[in-house]
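Subject: Structure handover

Hello,

Here is the structure I promised to pass on. Please open it beside this email and follow along.

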Amino acid sequence: MEAGILRDRLADLSKGVFISMPIGTVLAALILAVQLLSGGGLAAMLWFIAIASINGARVVLAVAQSGAADDRPKAVGARLSLYGALALASGIAWSFLALLSDGYTTSQAPLYLIVLAGISAGSVTYGTCYAPASINFITLPLLTAAGCVLAKGGVENYVLAFTILLFLGGMIRSAMLGQSRFRETSRLKYEAREFAAEMERNSRRDPLTNLLNRYGLEQAIARLGLSDGPFVAMLIDLDGFKSVNDTYGHTIGDDLLVKVARRIEGHAPAGATIARIGGDEFVLLFSACRSRQAAGELASAIIAAIANPDPELNSVRVGASVGIYQSEKPRLTEMLLKADFALYAAKRGGRNEYCLFDAGLDAALERKNRIERDLRGAIENGALCSWFQPLVRLDTNAVVGFEALLRWHHDVHGAISPPEIVTAARETGLLSLLTETVCLNCCAMIGELVRDGRRDVRVAMNLSPRELEAGNVDDMILTGLKARNVPAAMLEIEITEEAPVDRDRVDEKVGRLADAGISIVLDDFGTGFSTLVSLKDRRIRKIKIDKDFVRDLAKSVEDQAVVEAVIGLGRTLGIEVMAEGVETDADRMILRSLGCMIGQGYLFSAALPMPDALAFDAAAAEIIFEPLRNPRSGNAA
């Protein structure tokens, strides 16, 4: 900072010279003219030449300063000292003005004193950044003038001499104050620059790990040269990190993140860029030609380093999943998008796995993007609709209900599964619109059943706790039922067992729906969270045994025991029990013998368009299991 202040003082002093020196030279020329007119010739001419030469030297020094390459503090200090020496020389020359005016006794003396006062004030004005230059210039001429005036004697001259000395003192003080203020202003400027630079650095850094953050990563990638490619981007996500925070607290969790950052740094190739872009997500970006290891080998080494047990975490094991994408050009958005897609493919493979983004994943990503782009249009133009799968009594084959299942035949990708549709709706913010569409379809189906006099048949739609938690789904459903004047008692809400963040909010909305007469069904029973706790909720009227327990039930004694236990629980609690995924007559017979009276599945029918569902008669239909169908997608919610 001091070096910068020193440079500022020199620069400001040099600028002032280009103003003060011409003025000083003009005033010296004016005195020369007066002297020549009053008969003083050679002495005045020599005096003027001395003044002009010194002023010229100061201008030359200022010009040289503007082009000087050496800005080291020592060199700058030397140039300032030279300015001070030239100012002193100029002051000595102006002191000889006393000789030209015979000790300020000639008739021109008042004019010369006025000029001397003015040039002294100007020197202080244009030299505030460096007080020695001003003081060196004004001290000797003003002291000489005061001495000459004082030597003449008399009260008036004594007062004038005192005034000159007072003026000199005021100028010296002004020069010192000006220098102090200039230094303070310059210091504040450099402090502000340093603070701004620090803020800029901090804006690019993660304060916990000192790695780059997302903004810093963007800037780092912008500086990469294309000649360094191809580039490898690794997206590293910790497995099990939430358990660390939940079990040991965020302080231990933060310490772990720092350790992970250092472990990644320890394995990163030379010149690699490392960033933390999320809570437990890290990015490693490097040039493939600079790495001694293949991307897969490096990913395995990093996974092993992160998974190395930490002595502070006795009951929790942390691992890592890595998505890898290689590109010829460093485009951050593209690289992170595709590395993220590879990351989730790795997560599907289990913990401590890596996955390279390849042609297969590229096709899957293109499919995902296409589905997300086309989803709104499909909802709005009716290409995405609800089909209805019958719920059948196992003893009489009577149809007692329907479950609404999403169906969408994409122009390019064919049949899109319901989980894909729901995921795409969640990613694009269309989940509420999708839920509303399904609700309207269910209301239309209920309306047709009412017109057919089948008020004992119910229609079910699927909801997740996340949907209930995020929006006003309860208002939308109740408003839809009222607007279409269909009985709420004919609607069932099948709630999948996910763990909501705000259970109180979900419970409140479920209560509103149940109080309106809508049946609440616990879907996928046996595979979700808090299953037995959910059974204590008096608003649950039905539980649906998950198809994983029902499929091939006749061949599994263990599954039969589970199903029998669930049916017994339901009977004890007064909750109706049904089974999904019934695919063989043997499974149906086992379910009947265990006391389950309602089922759905391909044994009876796949999901059907509304007209076909309304016309479906299970008792009249020939029950044939068709193995060529894919029952795993047929029952998806």
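A residue is called buried when its relative accessible area is under 20%, and exposed when that area is over 50%. Asparagine 397 has 13% relative accessibility, so it counts as buried. You will find asparagine 397 in the loop between strand 6 (384-393) and strand 7 (399-410). Its phi is positive, about 65 degrees, although asparagine 397 is not a glycine. Most residues other than glycine have a negative phi.

Aspartate 102 also has a positive phi, near 50 degrees, and is a residue other than glycine. It sits in the loop between helix 4 (97-100) and helix 5 (109-125). Is aspartate 102 buried or exposed? At 51% relative accessibility, aspartate 102 counts as exposed.

The mean pLDDT of the chain is 87. Of its residues, 93% reach 70 or more. Be careful with residues 622-637, where pLDDT stays under 50. The model has 35 contacts beyond four places in sequence for that stretch. Where pLDDT is low, the predicted coordinates should not be read in detail.

**The cores**

The largest nonpolar core has 73 residues. Those with the most contacts inside it are Leu375, Leu384, Met461, Ile477, Leu491, Ile493 and Leu591. Helix 15 (residues 431-451) gives this core its largest share, 9 residues. A second, separate core has 52 residues, including Phe48, Val76, Leu113 and Ile164. In soluble globular proteins, nonpolar side chains tend to be buried together.

Which residues is isoleucine 477 in contact with, leaving aside its neighbours within four places in sequence? They are Cys439, Met461, Leu463, Leu491, Ile493, Leu513 and Ile518.

**Helix 15**

Helix 15 has 21 residues. From its first C-alpha to its last it reaches 30 Å, close to the 30 Å expected at 1.5 Å a residue. Its buried residues include Leu431, Leu434, Val438, Cys439, Cys442, Met445, Ile446 and Leu449. Thr435, Thr437 and Gly447 are also among them. Helix 15 is followed by glycine 453, whose phi is positive, near 75 degrees.

**Cysteines**

How many disulfides does a search of the whole structure find? It finds 0. Cysteine 442 is in no disulfide; the nearest cysteine sulfur is that of cysteine 439, 6.6 Å away. Cysteine 442 has a relative accessible area of 0%, so it is buried. Cysteine 129 is at 0% relative accessibility, and therefore counts as buried too.

**A buried charged residue to look at**

Now go to glutamate 494, in strand 10 (residues 491-496). Why does glutamate 494 count as buried? It does so because its relative accessibility is 0%. Its side chain is joined to that of lysine 544 by a polar contact of 2.7 Å. Leaving aside neighbours within four places in sequence, glutamate 494 is in contact with Glu403, Ala460, Met461, Asn462, Leu463, Val521, Asp523 and Lys544.

**Sequence and space**

- Serine 123 and glycine 24 are 99 residues apart along the chain, and their C-alpha atoms are separated by 9.1 Å.
- Proline 418 and lysine 555 are 137 residues apart in sequence and 29 Å apart in space, C-alpha to C-alpha.
- Aspartate 255 and isoleucine 138 are 117 residues apart in sequence and 65 Å apart in space, C-alpha to C-alpha.

Some notes on where these residues sit. Serine 123 lies in helix 5. At 13% relative accessibility, serine 123 counts as buried. Not counting residues up to four places away in sequence, serine 123 touches Ser134, Phe137 and Ile138. Proline 418 is in helix 14 (residues 418-428). Its relative accessible area is 3%, so proline 418 is buried. Aspartate 255 is in helix 10 (residues 250-267). At 37% relative accessibility, aspartate 255 counts as partly exposed.

Best wishes

Note on methods: Residues are numbered from 1 along each chain as its sequence is written. This is a predicted model: local features need pLDDT of at least 70, side-chain atom pairs count only at pLDDT 80 or more; totals for chains, interfaces and linings use all residues. Side-chain values use heavy atoms; hydrogens and water are left out. A nonpolar core is a set of buried Ala, Val, Leu, Ile, Met, Phe, Trp, Tyr and Cys residues joined through side-chain atoms within 4.5 Å. Buried means under 20% relative accessible area, exposed over 50%, partly exposed in between (1.4 Å probe, protein chains only). Helices (H or I, at least four residues) and strands (E, at least two) are DSSP runs, numbered from the N terminus. Contact means heavy atoms within 4.5 Å. A polar contact is a pair of N or O atoms within 3.5 Å; within protein, one must be able to donate a hydrogen and the other to accept it, and residues adjacent in sequence count only if both atoms are side-chain atoms. The expected span of a helix is 1.5 Å times one less than its number of residues. pLDDT is the predictor's confidence in each residue, from 0 to 100. A disulfide is a pair of cysteine sulfur atoms within 2.5 Å.
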